[in-house]
Amino acid sequence: MTSRSLLRAAGIAARSLFVQASWNFERMQNLGYFLMVEPSVRRRESAGAGDGARMRARNLGLFNTHPYFAPLVAGTVSAEEEAGSAPEVVEGLRRSLMCSLAGIGDGLFWAHLRPLTLLIALPAALLGEPWAPLLALATYNVPHLGVRFLGAALGLSRGRRILGFLQARMLTSSSPVLAVGIVLLAGFAAGLLATMPAWGLPALGAVPAPLAGAGAFAVLVLLAGLGLRPHRIVGALSLLAVLGAAVLLVGAP
Amino acid sequence: MGGGALATALLVGVISLDEVAFGQLLLSQPLVGGALVGWWAGDPVGGLAAGAFFQCLCLGEIRAGSSVPPDTTYAGLVGAAAFVSLGSVAQWNTMALLGLLAVGFLPVAGAARLLEIRVCRANALWTRAAERLVAAGRPRCAQAAALGGLVLFFLRGVLPAAVVLGALALWGQAALARLAPAAPVFDLLARLLPPAGLASLAVQRRSVWRPAFLAAGLAAGLFAGGVVR
């Protein structure tokens, strides 16, 4: 790739940061997609390669994919349109890419990478280390921004050949390694919470504080094993706390 | 409403843009956003602690596809901001305050998600505007219209935070004084919620969650034994 095309890729990646700026139920990320491909449309319009208004109107159609993979789709479509591919071919390519990458991105980033990087920083945050947020930001955004930029660059350079490239790499929405990492880090953080005096349960009679905390954790894991969503567990425990508080307040002098 | 509370609410509004409208750079997660708000308010340690607390509560929520749970990420950010704005309160230790704020976690999360749905419906007007501008041969203005949703998402981030922080600024101290006898209950709640949230996150990985027991036991043993302090 030339430095010019790398700059173009960086431009698409930068514009992709706004891909959900005006997310709407009707056409979802259409306005963000319009922003990403607008430089390519201007280029073709100034070269006399097409009707700008018609191209722009087409680019305001439905678009929805994982935001980190949006530059890959935009780069691929831009490359194909600049190569003179038929509009229906380009549209088919756009739809197939955006649908397949949406599920992969949700699983890979939202379900795995994001909780994993937050869990990496969580123990440091619980210990009061001021660099903990920076650790989370760095470990997450290096791969995140890399995916945006490389996706745009690969899409621009390969066009429709990106399909074969992606299939050869067998992108998947889940990873057993990441899943185990999440579970182990979550357990470590919970154990930390259970045994730190600032965060854990106090001693309960003859039961020392760390064991009280570990026991509470075990009970909570068993409850969580019922499959309740986190916000339902928070709601149930909060409701119990409110009831307990009400009893205390009624009985208070 | 105090100027400090309004400024904090505006900051929360800016940070919350990262959740959907701009970047998704992890800034809106309570662990990072709470630290930012704490630094802004002059209490970086408190902001980080509150952020870590609320982060444990929302790690297990995954918004993917058509699943739209309550916006616990935003609620955690507001919770951290509320903790920082309260400062130190007589008869309430850190954990008791966090526990009390956690009770408001779900209502704020639910309200935030409802507002977000309204914003996403309203954002269709930017598509109409962009289409008109494109047809009129004004593509640069159409690009500006494409960013119009940032304003609505920002307002959606500011409004619940302003309500919560404003209420705390006006009535927070008096309410806390009245609720002081119940502080131990909220202290206990705050000590149970984070492990519960983390356990829920682990159990979602149904085939591999049992190692969490081993990791937790090992960590507990290490710290109880004084290997790590």
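1. Tyr68(A), Phe69(A), Phe109(A), Trp110(A) and Tyr140(A) make up one aromatic cluster in this predicted model. Across all chains, ten aromatic pairs are found; rings of Phe, Tyr and Trp (its six-membered ring) pair if their centres lie within 6.5 Å, and planes under 30 degrees apart count as stacked, over 60 as edge-to-face and the rest as tilted.

2. One of these pairs is formed by Phe54(B) and Phe105(B), which are stacked at 5.8 Å centre to centre with 20 degrees between the planes. The pair links distant parts of the chain, since Phe54(B) belongs to helix 3 (residues 44-58) of chain B and Phe105(B) to helix 6 (residues 105-122) of chain B, 51 residues apart. Helices are DSSP runs (H or I, at least four residues), numbered from the N terminus.

3. Phe54(B) is buried, at 0% relative accessible area, and Phe105(B) is buried at 1%. Buried means under 20% relative accessible area, exposed over 50%, and partly exposed in between (1.4 Å probe, protein chains only).

4. In chain A, the charged end of Arg94(A) sits over the ring of Tyr33(A), 4.8 Å from its centre. In chain B, the charged end of Arg156(B) sits over the ring of Tyr74(B), 5.0 Å from its centre. The criterion is NZ of Lys or CZ of Arg within 6 Å of the ring centre and within 35 degrees of the ring normal.

5. Of the 21 residues in helix 10 of chain B, 19 are buried, so this helix is largely enclosed by the rest of the structure.

6. Residues are numbered from 1 along each chain as its sequence is written, and chains are lettered from A in the order in which they are written. Local features need pLDDT of at least 70, side-chain atom pairs count only at pLDDT 80 or more, and totals for chains, interfaces and linings use all residues, while side-chain values use heavy atoms, without hydrogens and water.

Conventions
Helices (H or I, at least four residues) and strands (E, at least two) are DSSP runs, numbered from the N terminus.
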